[in-house]
Amino acid sequence: MASTVEQRLKEVASVGQEIAETGVAYLDGAFVPFADAKVSIATHALQYGTAVFEGIRGYWNPAQEQLFAFRLREHYERMSDSVKILRVSLPADPQGLADITVDLLRKNSFRSDVYVRPLAFKAARSMKVALAGLRDGFGIYAFPVGAYLPTGGLAARTASWRRTSDDAIPARGKLTGAYINTALAVDEAHDYEADEAIFLTADGHVSEGGGANIFMVRDGILVTPPVTADILEGITRDSIIVLAGELGIAVQERAIDRTELYVADEVFFCGTGAQVAPCVEIDRRAVGNGAIGPITKRIGDLYFALARGDDKRHPEWRTAVYR
Ligand SMILES: Cc1ncc(COP(=O)(O)O)c(C=O)c1O
């Protein structure tokens with residue numbers, strides 16, 4: 001079964017702390033002290049959740065004295081898709097935004113794992129609840145980060161909150177307002193001493209975690225819900241599908257029933273924050289034999305080694321921040 005609640009809470013304790021306003025942030029075309037990167041209380045995005053965000057990890061490799069941003073360009077490509085849904089404009093193309101991010105990380109001289117948070121938002125001080133014709137803003141900040149979900153075997157709970165469907169609030173876009181859905185579900189999971197929520201779609205199939213995609217292993221096959229299951233099309237999910245193929249593990253993208261998770265051999269969550277987070281308990285039932293499974297372990301080990309640059313394969317996934 002999952003390690004004790006205290007051990008799991010300790011691993012993710014830093015996530016709950018306030019982010020220090022130190023160093024440099026980027027706001028509307030300029031690098032400014034983080035503490036000065038402020039918006040008006042009347043900002044549309046603050047009133048109505050009309051912003052698009054991304055979450056990108058940088059992994060510090062102490063032996064190479066290098067910070068590697070993981071799949072930086074792909075995050076900005078997804079952001080370019082998300083802004084189409086919300087009719088927000090971006091100040092540059094994906095490569096231009098990636099270049100600004102590298103500059104920002106250099107200016108902060110980080111020598112630790114970091115999390116980068118770009119935000120494109122409806123900046124107008126306007127009460128009009130609509131999208132077109134409103135002034136947009138764009139900012140990026142970054143901060144040192146640890147684990148977002150426990151990595152030693154976590155407990156999950158199926159949420160009583162359904163995943164917002166694509167024809168209500170689309171999960172395909174990384175839209176700030178949509179994360180009310182996540183906050184409700186994860187909060188509920190925490191109330192039941194679970195670490196992560198599992199969302200079902202409106203038709204009752206497995207969608208994803210609160211802030212991560214989900215995979216299960218059944219009979220040696222790695223299975224994950226399709227992109228039409230009201231998921232965020234995760235970049236880590238994509239990386240894992242590629243890596244599983246290279247490891248000779250069969251992958252299926254198909255609808256998953258809730259009880260398939262109960263009888264699965266292995267389950268894990270994945271995401272930029274979550275990284276690869278094995279799930280050993282769901283709704284108070286042990287997953288498999290209640291320990292981290294062999295396929296999850298192989299994929300997790302490979303993911304961490306590649307992201308940190310200890311494994312040199314897939315150099316196209318890593319952007320070295322320092323020259
Ligand atoms: C709801 C949700 N699903 C999935 C993911 C995973 O996406 P990615 O691997 O691109 O970070 C995230 C973010 O990490 C998320 O917030």
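Colleague: How far apart do the C-alpha centres of domain 1 and domain 2 lie?

Modeller: Domain bounds come from an automatic or database domain assignment, which here gives domain 1 (9–144) and domain 2 (149–308). Their C-alpha centres lie 24 Å apart. This is a predicted model: local features need pLDDT of at least 70, side-chain atom pairs count only at pLDDT 80 or more, and totals for chains, interfaces and linings use all residues. Residues are numbered from 1 along each chain as its sequence is written.

Colleague: How many residues does the contact take from domain 1 and from domain 2?

Modeller: Two residues are in contact if their C-beta atoms, placed from the backbone, lie within 7 Å. The contact takes 24 residues from domain 1 and 15 residues from domain 2. On the domain 1 side, α3 gives the most, with six residues.

Colleague: Which residues of α4 are buried?

Modeller: Helices are DSSP runs of H or I, at least four residues, numbered from the N terminus. A residue is buried if 20 or more other C-beta atoms lie within 10 Å of its own, exposed if 12 or fewer, and partly exposed in between, with C-beta atoms placed from the backbone. In α4 the buried residues are Leu97, Ala98, Thr101, Leu104, Leu105 and Asn108. They cover an arc of only 120° around the axis, taken from the directions from the helix axis to the C-beta atoms, which puts them on the same side of α4.

Colleague: Why does such spacing give one side?

Modeller: An α-helix has 3.6 residues a turn, so residues three or four places apart point the same way. The face of α4 turned away from its buried side carries the exposed Gln95 and Gly96. Just after α4, Ser109 takes a positive phi of about 50°.

Technical notes: Helices (H or I, at least four residues) and strands (E, at least two) are DSSP runs, numbered from the N terminus.
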